[in-house]
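Subject: Model for you to look at

Hello,

Here is the structure I promised to pass on. Please open it alongside this note; my findings follow below.

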Amino acid sequence: MPKVNLTHFEAALLFALLTSVVLGVVTKKTDKERLLYGLRSFGYFILAMFALGWLMFFGHG
Amino acid sequence: MSDQSVKKQPAAPVKVWLPIVLFAWILPGAGHFYLRRSGRALLLASAITLTFLFGIMMRGAMFQPMSGDLLTTIIYTGGFISDVMSGILYLLTVWLGYSQPEVAGHVHDYGTKFLVAAGLMNVLAMVDVFEIVSGRKS
């Protein structure tokens with residue numbers, strides 16, 4: 001099995017994408033709702049990533 | 001809330017849902033395939049398998065149950081259970097001799113979390129299968 005080296009951002013982005021797919025599929029009842037929930041959850045992941053990234057940046061001074 | 005809106009669903013018999021939920025555990029996405037939800041099955045199988053494979057490719061460590069203080073027990077036993085919940089992916093990996101020690105570094109750390117996340121995603125898929133079999137969801 002090849003070894004992959006991802007940056008923090010790439011790994012977090014991949015995690016957000018795959019997790020959003022699963023959350024979208026299992027959470028809602030219609031396909032449209034599933035798609036919207038998956039997209040919204042992906043958006044929230046990205047938002048949280050940037051917010052926490054900046055928080056850590058300023059926290060370090 | 002009125003009495004009509006809280007109408008309780010009769011519970012499905014264990015012998016009906018248990019084999020399908022176990023099938024969903026062993027093969028991620030298989031429960032949905034069996035219940036003829038092919039599109040959702042494909043998405044779940046792909047997402048869970050990819051998450052697990054990326055965890056392996058990032059050389060994540062598999063948890064072993066460990067006792068000690070409360071936090072150690074929760075993290076290691078919980079991590080082990082989550083790893084096992086990936087079903088055949090976990091079993092094959094262990095049978096093929098994958099044994100990665102915990103190594104410092106963000107890539108290994110992400111790998112370990114990806115392996116745990118794959119198992120937790122499969123738990124969500126199993127719960128979804130249970131809800132479909134029980135008639136609570138289509």
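I start with the interface. Chain B puts 22 residues in contact with 17 residues of chain A. Two residues are in contact if their C-beta atoms, placed from the backbone, lie within 7 Å. On the side of chain B that touches chain A, helix H3 (38–57) and helix H6 (106–133) of chain B each supply at least two residues. Helices (H or I, at least four residues) and strands (E, at least two) are DSSP runs, numbered from the N terminus. By class, the residues on that side of chain B are 15 nonpolar, three polar and four charged. Here Ala, Val, Leu, Ile, Met, Phe, Trp, Tyr, Cys and Pro count as nonpolar; Asp, Glu, Lys and Arg count as charged; the others, Gly among them, are polar.

Some ground rules. This is a predicted model, in which local features need pLDDT of at least 70 and side-chain atom pairs count only at pLDDT 80 or more, while totals for chains, interfaces and linings use all residues. Residues are numbered from 1 along each chain as its sequence is written, and chains are lettered from A and ligands numbered from 1 in the order in which they are written.

On confidence: the predictor gives the complex an ipTM of 0.91 and a pTM of 0.90. The average pLDDT of chain B is 90, and 93% of its residues score at least 70. pLDDT is the predictor's confidence in each residue, from 0 to 100.

Chain A

Chain A has two helices and zero strands. Its radius of gyration is 15 Å, whereas a compact globule of 61 residues would have one near 10 Å. That radius is taken over C-alpha atoms, and the globule rule is 2.2 Å times the number of residues to the power 0.38. Along the principal axes, the C-alpha atoms of chain A fill a box of roughly 45 × 35 × 10 Å. Of the 61 residues in chain A, 20% are buried. A residue is buried if 20 or more other C-beta atoms lie within 10 Å of its own, exposed if 12 or fewer, and partly exposed in between, with C-beta atoms placed from the backbone.

One residue to look at is A:Met49, in helix H2 (residues 31–59) of chain A. A:Met49 counts as partly exposed because it has 16 C-beta neighbours inside 10 Å. A:Met49 and A:Ala12 are 37 residues apart in sequence, yet their C-alpha atoms are 7.7 Å apart in space.

Chain B

Chain B has six helices and zero strands. The pattern along its sequence is α-α-α-α-α-α. Its C-alpha atoms fill a box of roughly 55 × 35 × 25 Å along the principal axes. Buried residues are 38% of the 138 in chain B. Among contacts in chain B with a separation of 6 or more, 72% join residues 24 or more positions apart.

Now the helix packing. The axes of helix H4 (residues 70–84) of chain B and H6(B) come within 7 Å and cross at roughly 60°. Axes are lines fitted to C-alpha atoms, for helices over the stretch in contact, and angles run from 0 to 180 degrees between N-to-C directions. The H4(B)–H6(B) crossing is left-handed: the near helix is turned anticlockwise from the far one by less than a right angle. From H4(B), B:Gly79, B:Ser82, B:Asp83 and B:Val84 meet B:Leu115, B:Val116, B:Gly119 and B:Leu120 of H6(B). This contact divides into four nonpolar, three polar and one charged residue.

B:Ile75 also sits in helix H4 of chain B. With 13 C-beta neighbours inside 10 Å, B:Ile75 is partly exposed. B:Phe63 is 12 residues from B:Ile75 in sequence and 8.6 Å away, C-alpha to C-alpha.

In helix H3 of chain B, look at B:Leu42. B:Leu42 is partly exposed, with 14 C-beta neighbours inside 10 Å. B:Leu42 and B:Leu70 are 28 residues apart along the chain, and their C-alpha atoms are separated by 38 Å.

Last, two backbone points. Most residues other than glycine have a negative phi. B:Arg36 has a positive phi, near 60°. It lies in the loop between helix H2 (30–34) and H3 of chain B. B:Arg36 is exposed, because 8 other C-beta atoms lie within 10 Å. B:Arg59 also has a positive phi, of about 60°. B:Arg59 is in the loop between H3 and H4 of chain B. B:Arg59 is buried, because 20 other C-beta atoms lie within 10 Å.

Best wishes
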